[in-house]
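Subject: Structure handover

Hi,

Here is the structure I promised to pass on.

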Amino acid sequence: SAQWEGNGFNDDIMWITIACARAYEATGNQTYLDQAKRHFDIVYERAWDTTVFGGGMFWTIANKNKNSCINGPAAVAACLLGEALQDESYYETAKRIIDWQRANLVEVETGKVYDAWNSTGSGANQAEYELNTWASTYNQGTWIGACTLLYLHTGEQQYFDDAKLA
């Protein structure tokens with residue numbers, strides 16, 4: 001069994017989680033699903049934080065940046081796990097992540113997905129964070145993907161509208 005949690009970049013681990021979940025979908029090989037679940041759970045446990053901005057996932061184990069590049073892929077991964085495991089709690093986690101991202105890193109009027117909240121200090125003091133409003137195709141794409149998966153699962157129009165606008 002592979003051990004990727006030593007990588008301090010939480011987004012990297014979410015990408016292998018997504019790959020493993022999709023490999024399970026394609027092959028039915030339980031090892032892939034076990035790896036996806038294991039690594040998602042490890043990263044969510046260490047990265048989800050409510051002490052600054054009331055939620056969101058930290059990009060790295062330094063816990064100083066709350067980026068779209070971790071929150072979008074984490075929500076995609078959670079949806080894929082929810083489907084594969086038939087476990088609604090993963091969809092609830094995906095909703096928690098996306099609802100936080102929408103409130104903190106999305107310009108809802110335009111669909112622009114901001115890059116990150118970056119700390120200029122220790123990471124523990126919300127007042128020391130600065131918003132980076134740069135938008136990348138990467139962050140737009142993972143936002144669209146997560147919103148689409150949530151729309152397909154829940155039927156909630158807001159997810160469809162957010163994906164379409166982005």
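This is a predicted model: local features need pLDDT of at least 70, side-chain atom pairs count only at pLDDT 80 or more; totals for chains, interfaces and linings use all residues.

Residues are numbered from 1 along each chain as its sequence is written, and side-chain values use heavy atoms, with hydrogens and water left out.

The sheet is open and antiparallel, with three strands in the order 1-4-5. Helices (H or I, at least four residues) and strands (E, at least two) are DSSP runs numbered from the N terminus, and two strands pair if DSSP finds at least two bridges between them. Strand 1 (65-67) and strand 5 (129-132) are the edges, each pairing on one side only. Strands 4 and 5 run antiparallel over four bridges, and A116 sits opposite N132 in strand 5.

Next, D115, in the loop between strand 3 (112-113) and strand 4 (116-119). D115 is buried but has no salt bridge, and the nearest side chain of opposite charge, K112, is 11 Å away. Here buried means under 20% relative accessible area, exposed over 50%, and partly exposed in between (1.4 Å probe, protein chains only). For charge, Lys and Arg count as positive and Asp and Glu as negative, while His and the chain ends are not counted. A salt bridge is a side-chain nitrogen of Lys or Arg within 4 Å of a carboxyl oxygen of Asp or Glu. Leaving aside neighbours within four places in sequence, D115 is in contact (heavy atoms within 4.5 Å) with residues including K66, N132 and W134.

L150, in helix 5 (residues 137-154), is buried at 0% relative accessibility. The C-alpha atoms of L150 and C79 are 7.1 Å apart, although 71 residues separate the two along the chain.

By the rule above there are six salt bridges. One of them joins K37 and D41 (2.7 Å, N to O); both are in helix 2 (residues 30-47), four residues apart, about one turn.

E92 meets K95 at 3.1 Å, N to O, and E156 meets K95 at 4.0 Å, N to O. E156 is in the loop between helix 5 and helix 6 (157-165) and K95 is in helix 4, so this pair ties together parts 61 residues apart in sequence. K95 is buried at 15%, whereas E156 is partly exposed at 35%.

Cheers
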